[in-house]
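Please look over the model below.

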Amino acid sequence: MKKTQLLALSALFTSLFAQAASHHKLVFINQYDANQDWSLSLAEFDKARESRFNITDENNDGFVDESEYVFEYKNRMDNQLTKDRQGQIKQTIIRFNALDKNENARIDLSEYQGSGERTFTYFDTNKDGVISESDPAPKRRAKKANKTLTATQQREAQIKKLPRAKRVLSMPTTHSFKGLLTKYDANDDKTITSEEIAIVRQKIWDLADENNDGWISEQEYLYEFEDRMDLQIAKTRKSAVKQTYVRFGILDKDKDGKMTLTEYQASGHRSFNRFDTDNNKMVTLDEAMPKPYSKKKNKQKAKNQSVASNTNY
């Protein structure tokens, strides 16, 4: 790989990490910031964590056992998944209207396949007839130059990203090469042809056109997407609950099957200290992002810390 490509990839990964860390910090502050001033002190954090611990301890015995820990997590996750589902439905209706080029409240097959053809043309940047890793990344539309924002405006812009940052449901997207592979690479050869896209979209069309009238109504389009979305929700939920059991095992340091407030707070402090990059016992949106974990030496350590300190949901 050429040096310029390596530098570009390095810059991309750094940018992606910064975005992920920024979103994580938004959620982290938001869930514990009782007075909603977007400044989270250690004392405020400890108080909020203790309150959550007491809520989770349903039998009030002073401990949180595995079933209590998982049950509390499931409730919060299910509430967020319900919000995510509603958001996905709104976006699906927007997509339908975008596909309905002649605005007759229904989509014909040419309109539906036309979207797939435009996707193929957009991602086949080297014009060799297939979409693969060898295709240079498509050029994004140039964003309008932003005027210089004040500190207050910058903070408001960050806060507007909170709903997206809180999402736990992720549907396969055709906005990335990885998403395209998930949806269209039927033979798993890591390349996508226009024919593969057309075949997959024809299958989706046939499923969606429930009354076989040759058109897809908004309701039919929505029903088909909801079926796929509900399967993804079940998959997401199963995986997340599995990780919750793993987290409990890590937090339960003495392996007695129950967690003390001290053990619970220790996990929270690892997250707090990671975001408190200026070590002033205060986490704010303005302070520097934490450094990414090193790849090799701290790989297992990073994994354990990530699992142990995942307190978002």
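Predicted model: local features only at pLDDT ≥ 70, side-chain atom pairs only at ≥ 80, totals over all residues.

Residues are numbered from 1 along each chain as its sequence is written, and side-chain values use heavy atoms, with hydrogens and water left out.

Q: How many salt bridges does a search of the whole structure find?
A: A salt bridge is a side-chain nitrogen of Lys or Arg within 4 Å of a carboxyl oxygen of Asp or Glu. R85, E226 and D230 are linked in a network of such bridges. Over the whole structure the search finds 6.

Q: Is E72, which meets R76 in a salt bridge, buried or exposed?
A: Buried means under 20% relative accessible area, exposed over 50%, and partly exposed in between (1.4 Å probe, protein chains only). The N to O distance between E72 and R76 is 2.5 Å, and R76 is partly exposed at 22%. E72 has a relative accessible area of 13%, so E72 is buried.

Q: Why are E224 and R228 separated by about one helical turn?
A: Helices are DSSP runs of H or I with at least four residues, strands are runs of E with at least two, and both are numbered from the N terminus. The side chains of E224 and R228 meet in a salt bridge at 2.7 Å, N to O. They are about one turn apart because both lie in helix 9 (residues 218-251), at a separation of 4 residues.

Q: Which side chain of opposite charge is nearest to E44?
A: Lys and Arg count as positive and Asp and Glu as negative, while His and the chain ends are not counted. E44 lies in helix 2 (residues 42-56), and its side chain reaches the backbone nitrogen of A34 at 3.0 Å. E44 is buried without a salt bridge; at 8.7 Å, the nearest side chain of opposite charge is K47.

Q: What span does helix 4 reach from its first C-alpha to its last?
A: The expected span of a helix is 1.5 Å times one less than its number of residues. Helix 4 has 15 residues, for which 21 Å is expected. The model is close to that, at 22 Å.

Q: Which residues of helix 7 are buried?
A: Helix 7 covers residues 177-184. Its buried residues are covered by elements including helix 4 and helix 8. The buried residues are G179, L180, L181 and Y184.

Note on methods. Contact = heavy atoms within 4.5 Å. Polar contact = N/O pair within 3.5 Å; in protein donor to acceptor, adjacent residues only side chain to side chain.
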